[in-house]
Amino acid sequence: MPHDDFPGGSVWLVGAGPGDPDLLTRKAVRLIEAADMVFHDALVGSGVLDLIPAGVERVSVGKRAGRHSKDQGSIDALLVAAARAGRRVVRLKGGDPSLFGRSAEEMAALREAGFIVQICPGVTAASAAAASAGVSLSLRGLAREVRFVTAHSRNGAALDLDWAGLAAGQATLAFYMGRGAAGEISRRLIAAGLIGATPVLIACNVSLPDEKRLSTRLDLLDIATRSFADDAPTLILIGEAVRCETTMLIARASQAVNV
């Protein structure tokens, strides 16, 4: 099989999507099958890892719930060393590499060392969660913007965000890694002007068989997130567009009662 776009000594940052291997792009599958060394995050789904051919060296460099197996500098050094050894390297990243995946740091390290590095995009968790819930992230007349926000902060520090900007206008807010900051997100958005009844959809293990979703409202967000495991990768969607999920749940419940 030719590897014209994947010569030895080059690296592809590949989006592994939210976990379901069926959501991988065809290009991602091809690159995984062509690699002879794969570095992967902790949140890459087991079904995706199963696509790595036997005999291909795999290295876990995952970061999850504050437990880091490797610091970013060490990961950068490992990628450079693998490329220098002439390997065809895939760096598997959960979701999309360009969205909160620290891809810029890894690309900078590789390019500075003189190696080719490219990106294969993946499905991000917000898109997958909306698809699972049967809602749209945007909604004509109600949600004219979609904003992706990381809720991760260093050493438990308060989130340094433009809360007024996030609360203003018609937007769907997608908070990644939001479980630990749920209380602060709720308080700060309400203080900035969002009403407590603003619809919220919480999702964890998106696209996987054990995916869980919960519809709630902004003023109950802190309590609602406690129903999810502490280490569950959790996404929080906030805005009028996700109200459709609540409406559908009520409709289904009514139909069940009528039957």
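Biologist: Is glutamate 211 buried or exposed?

Modeller: Glutamate 211 is buried, because its relative accessible area is 18% (buried means under 20% relative accessible area, exposed over 50%, and partly exposed in between, with a 1.4 Å probe and protein chains only). Please note that this is a predicted model, in which local features need pLDDT of at least 70 and side-chain atom pairs count only at pLDDT 80 or more, while totals for chains, interfaces and linings use all residues. Residues are numbered from 1 along each chain as its sequence is written, and side-chain values use heavy atoms, with hydrogens and water left out.

Biologist: With which residue does the side chain of glutamate 211 meet in a salt bridge?

Modeller: In general, side chains of opposite charge can pair when their charged atoms come close. Here the partner of glutamate 211 is arginine 213, at 3.1 Å from N to O (a salt bridge is a side-chain nitrogen of Lys or Arg within 4 Å of a carboxyl oxygen of Asp or Glu). Arginine 213 is partly exposed, with a relative accessible area of 34%.

Biologist: How many salt bridges does the structure hold?

Modeller: The structure holds 14 salt bridges. One of them joins arginine 179 to aspartate 230, whose closest N and O atoms are 3.2 Å apart. Arginine 179 is in the loop between β9 and α7, and aspartate 230 is in the loop between α8 (221-225) and β12, so the pair ties together parts that are 51 residues apart in sequence. (Helices, H or I of at least four residues, and strands, E of at least two, are DSSP runs numbered from the N terminus.) Arginine 179 counts as buried at 19% relative accessibility, whereas aspartate 230 counts as exposed at 65%.

Biologist: What is the N to O distance between glutamate 240 and arginine 243?

Modeller: Their side chains meet in a salt bridge at 2.8 Å. Glutamate 240 is partly exposed at 27% relative accessibility, and arginine 243 is also partly exposed, at 36%.

Biologist: In what order do the strands of the five-stranded open sheet stand?

Modeller: Strands of a sheet pair through backbone hydrogen bonds, either parallel or antiparallel. In this sheet the order is β8-β9-β12-β10-β11, and the pairing is mixed (two strands pair if DSSP finds at least two bridges between them). At the edges stand β8 (145-150) and β11 (212-217), each of which pairs on one side only. From one strand to the next, the twist averages 20 degrees (axes are lines fitted to C-alpha atoms, for helices over the stretch in contact, and angles run from 0 to 180 degrees between N-to-C directions). Within the sheet, β10 (residues 199-204) and β12 (residues 234-238) are antiparallel and share five bridges. Alanine 203 stands opposite leucine 235 of β12.

Biologist: Which strands does helix α5 touch as it packs on the sheet?

Modeller: Helix α5 (residues 125-133) touches β8, β9, β10, β11 and β12, and its direction makes about 70 degrees with that of β12 (contact means heavy atoms within 4.5 Å). Helix α7 lies across β9 and β12 and runs at about 15 degrees to β12. The buried residues of α5 are Ala125, Ala126, Ala128, Ala129, Ala130 and Ala133. After α5 comes glycine 134, with a positive phi near 75 degrees.

Biologist: Which residues of strand β2 point one way, and which the other way?

Modeller: In a regular strand the side chains alternate between the two faces of the sheet. In β2 (residues 37-40), Met37 and Phe39 point one way and Val38 and His40 the other, and all are buried. Strand β2 runs parallel to β3 (residues 57-60), with four bridges between them. Phenylalanine 39 has valine 59 as its bridge partner in β3. Four bridges also join β2 to β6, again in parallel, and histidine 40 has leucine 92 as its partner there.

Biologist: Where is the place of phenylalanine 100?

Modeller: Phenylalanine 100 is in the loop between β6 (88-93) and α4 (103-112). At 34% relative accessibility, it counts as partly exposed. Beyond its neighbours within four places in sequence, phenylalanine 100 is in contact with Phe148, Val149, Thr150, Tyr176 and Met177. Of these, methionine 177 lies in the loop between β9 (171-176) and α7 (182-191) and is partly exposed at 46% relative accessibility. Phenylalanine 100 is also 52 residues from histidine 152 in sequence but 9.8 Å from it in space, C-alpha to C-alpha.
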